[in-house]
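Here are my notes for when you open this one.

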Amino acid sequence: MPEGARGSAEYAATAARARQATNGRHPHTVLGHPLRVAIIGGGPGGLYAAALLKRLDPTREITVWERNAPDDTFGFGVVLSDETLGGIEHADPQVYEALQQHFTRWDDIDIVHRTHRHTSGGHGFAALGRKRLLEILHTRCRELGVGLRFRTEAPHDLPHTHDLVIAADGVHSATRETHADVFRPRVTTHRCRYIWLAADFPFDSFRFEIAETEHGVMQLHGYPYAPDASTVIIEMRDEVWHAAGFDELGEAESIERCGKIFAEALRGRPLKSNNSTWTTFRTVVNDRWSHGNIVLLGDAAHSAHFSIGSGTKLAVEDALALAACLEERDSLPEALTAYEAERRPVVASTQRAARASLEWFENIALYLDQPPRQFAFNLLTRSRRVTHDNLRLRDSGFTETVEHEFGCPPGTPPMFTPFRLRGLTLRNRVVVSPMDMYSAVDGVPGDFHLVHLGARALGGAGLVMTEMVCVSEEGRITPGCAGLYTGRQAEAWKRITDFVHDRAPGTAIGVQLGHSGRKGSTKLMWEGMDEPLQEGNWPLVAPSALPYKDDSQTPRELSRAQLTDIREQFTACAVRAARAGFDLLELHCAHGYLLSGFLSPLTNRRTDAYGGSLEKRLRFPLEVFDAVRNVWPGERPMTVRISATDWAEGGTTADDAVEIARAFAAHGADAIDVSTGQVVADERPEFGRSYQTPFADRIRHTTGIPVIAVGAISSWDDVNSLILAGRTDLCALARPHLYDPHWTLHAAAEQGYTGPGAPWPAPYRAGSRRPQTGRTDAPKPRLSLGGGGADGG
């Protein structure tokens with residue numbers, strides 16, 4: 001179910017391409033123009049592909065094979081976004097007009113939790129019955145001369161008898177499984193059970209209702225699809241489903257119990273079934289979408305959780321793009337390659353958003369104690385597609401109320417509210433993330449560091465962090481890494497902290513202390529990241545004698561005496577850091593460096609008291625933390641950066657990360673800086689916008705410990721959204737601050753904020769407004785004479 005989309009014209013443009021691609025040439029002259037087309041699967045995606053291809057060339061012989069009856073369908077309503085409807089309107093106005101006659105439209109989302117009902121408007125939805133949609137497409141296909149074969153299995157020799165085979169046979173695609181060695185599907189089964197049902201009245205909004213039962217949390221997703229009907233999906237964690245006894249109930253008993261649990265939302269009316277069964281959602285990803293003249297479409301190629309969008313929507317968009325590419329390209333392989341290239345990024349983005357939404361609902365119990373309106377805001381922004389700024393445009397009243405309850409003064413975006421860590425109050429929630437610059441000489445930070453860190457301090461961030469500052473010469477990553485193991489280095493750092501405190505008052509500066517471990521003695525990043533030096537190497541140490549990469553130097557396993565020496569190196573550097581004037585100290589226990597190497601089971605194979613169980617793997621990092629905390633001034637905060645997952649089988653898990661955070665907090669950590677990965681070379685990160693934030697979110701809501709979120713947070717809108725939803729307390733940004741040292745001040749200017757959370761330095765105040773640019777518009781015509789219809793004239 002989509003989050004609402006006043007969408008772009010992307011699919012309208014795709015459809016227009018498909019419609020216009022054959023203008024000026026006879027389609028049969030195109031080598032890749034398939035004349036005999038077989039479509040496996042009579043769902044909306046397959047039917048719409050058939051109608052489009054037949055409309056583009058009536059001479060095509062197109063047959064749809066569907067093993068079920070024409071009116072067999074296992075859902076009730078279908079939601080389509082404005083952008084999808086725009087594509088349909090351009091590609092086939094007759095289908096669009098037929099759909100328009102049956103749409104139910106609405107704008108509101110209602111969230112009901114602990115007797116509170118919160119409504120957010122301006123979202124824009126359109127839905128109709130799935131059976132009605134199929135009837136419209138059946139009619140259109142018959143009008144165009146498409147052959148529809150129901151209750152018939154598709155023959156196995158279709159690739160040999162047809163020019164093109166479109167496999168639209170769903171999430172359990174037999175076609176995909178037959179050629180699994182080529183498509184290489186990966187199917188992930190998730191943790192919630194759900195069932196599709198219907199009610200015999202229309203909800204007046206998109207409704208989310210939370211029920212806290214003796215067995216656990218259950219949720220209802222509901223929306224209208226006809227003047228007298230609504231789709232109702234009941235969802236809960238698998239363990240809740242078992243505890244509630246649904247595994248022992250038949251269909252009728254399950255439905256009756258769901259009706260009682262959500263009786264108020266359902267107005268006491270019974271729920272209806274359509275061969276409804278409990279199931280778990282499966283996310284489908286394929287390495288390839290085509291094989292010879294076979295191409296996957298819709299759920300056969302990809303699936304996205306129903307909580308953000310309809311699989312029908314994606315399938316219809318696939319059909320539009322496939323039709324356009326088949327008409328534009330000169331060979332079938334080129335067309336299928338172009339189709340996949342066009343759709344894969346869109347689908348990947350949708351699947352990332354769907355995964356975030358799915359996991360939010362899997363972990364909904366974490367958020368139940370949030371203030372009611374913040375809970376509602378969190379739900380609305382769960383996938384990161386609806387954001388603070390976007391929601392403010394849709395429903396400013398709702399968003400302003402959430403801000404007020406959060407504690408934002410009038411006119412103050414969430415990112416510019418202060419935050420306190422021990423004796424340090426940060427004036428805003430923006431952190432310049434630690435970024436290695438590899439520009440020190442003999443570990444001494446020079447003019448480059450003064451300008452680099454000074455510029456970002458002047459740029460308005462609440463906290464500016466140094467790069468990882470190494471605790472010994474042997475603990476450097478590269479020859480260009482900075483240190484704090486000599487008095488000369490400490491004096492150089494004091495020059496920088498003095499500048500920040502004198503010229504950017506109100507900005508805090510923190511130091512991150514670390515030791516490279518097995519990832520040391522490597523080239524500067526731009527000469528070859530993680531590649532060993534060709535000369536001038538120094539010996540490496542690590543928890544276990546395991547090289548980082550095959551061509552990396554093998555470290556020595558640390559002895560007990562060496563562990564003591566390294567702990568003392570950390571404390572000596574902490575003392576120098578305090579004297580140098582740093583406001584905060586962060587212990588680097590992430591990214592595969594020395595302390596991180598103790599935490600991960602992939603890098604710690606020790607059999608003594610410092611290896612084995614998580615408790616033992618934590619022992620040395622906690623000893624270092626305690627020693628540093630003991631010499632670090634009591635009023636100044638300490639944070640710890642961790643890798644919350646190794647992105648590798650057998651490594652640190654999200655559950656481990658929660659326990660690691662708890663352990664450091666119990667020893668006095670004031671916040672956990674939650675990063676991920678870079679622990680092993682064969683990791684497989686799931687990159688995407690704000691992709692590491694869910695790990696910080698989980699730690700915060702499981703433990704109550706303040707967290708710093710980091711990882712592809714790129715816009716001030718992201719920062720506002722994450723802060724206001726309660727997923728993090730601070731946001732650390734790296735690359736945006738390389739692109740724009742004054743990122744925070746510019747974020748304030750773009751939002752029209754001029755308060756104490758982002759004061760401009762006096763010498764820069766004249767630049768606090770965006771400079772004017774050259775004129776880009778032109779006088780609009782006073783009079784427009786009519787043209788020749790929709791296509792001009």
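1. A definition to start with: buried area is the accessible area (1.4 Å probe) that two parts lose on being put together, summed over both. S120, H123 and R352 supply 39% of the area that domain 1 buries against domain 2, more than any other three residues.

2. Please keep in mind that this is a predicted model, where local features need pLDDT of at least 70 and side-chain atom pairs count only at pLDDT 80 or more, while totals for chains, interfaces and linings use all residues. Residues are numbered from 1 along each chain as its sequence is written, and side-chain values use heavy atoms, with hydrogens and water left out.

3. Where do the domains lie? The assignment gives domain 1 as 33-363 and domain 2 as 386-764; such bounds come from an automatic or database domain assignment. Taken over C-alpha atoms, the centres of domain 1 and domain 2 are 42 Å apart.

4. Back to the interface: eight residues of domain 1 are in contact (heavy atoms within 4.5 Å) with seven residues of domain 2. Two residue pairs are in polar contact across it, both at pLDDT 80 or more. A polar contact is a pair of N or O atoms within 3.5 Å; within protein, one must be able to donate a hydrogen and the other to accept it, and residues adjacent in sequence count only if both atoms are side-chain atoms. On the domain 1 side, β6 (116-120) and α12 (332-362) are the elements that give two or more residues, with β6 giving the most, three residues.

5. Do look at the barrel. Eight strands close into it in the order β20-β21-β22-β25-β26-β27-β28-β29, with parallel pairing. Strands here are DSSP runs of E, at least two residues, and helices are runs of H or I, at least four, numbered from the N terminus; two strands pair if DSSP finds at least two bridges between them. Five bridges join β25 (584-589) to β26 (638-643), and H588 stands opposite R641 in β26.

6. The other sheet to view is open: six strands in the order β8-β2-β1-β9-β17-β16, with mixed pairing. Its edge strands are β8 (147-150) and β16 (290-291), each pairing on one side only. Within this sheet, three bridges join β9 (164-167) to β17 (294-296), which run parallel, and V165 stands opposite I294 in β17.
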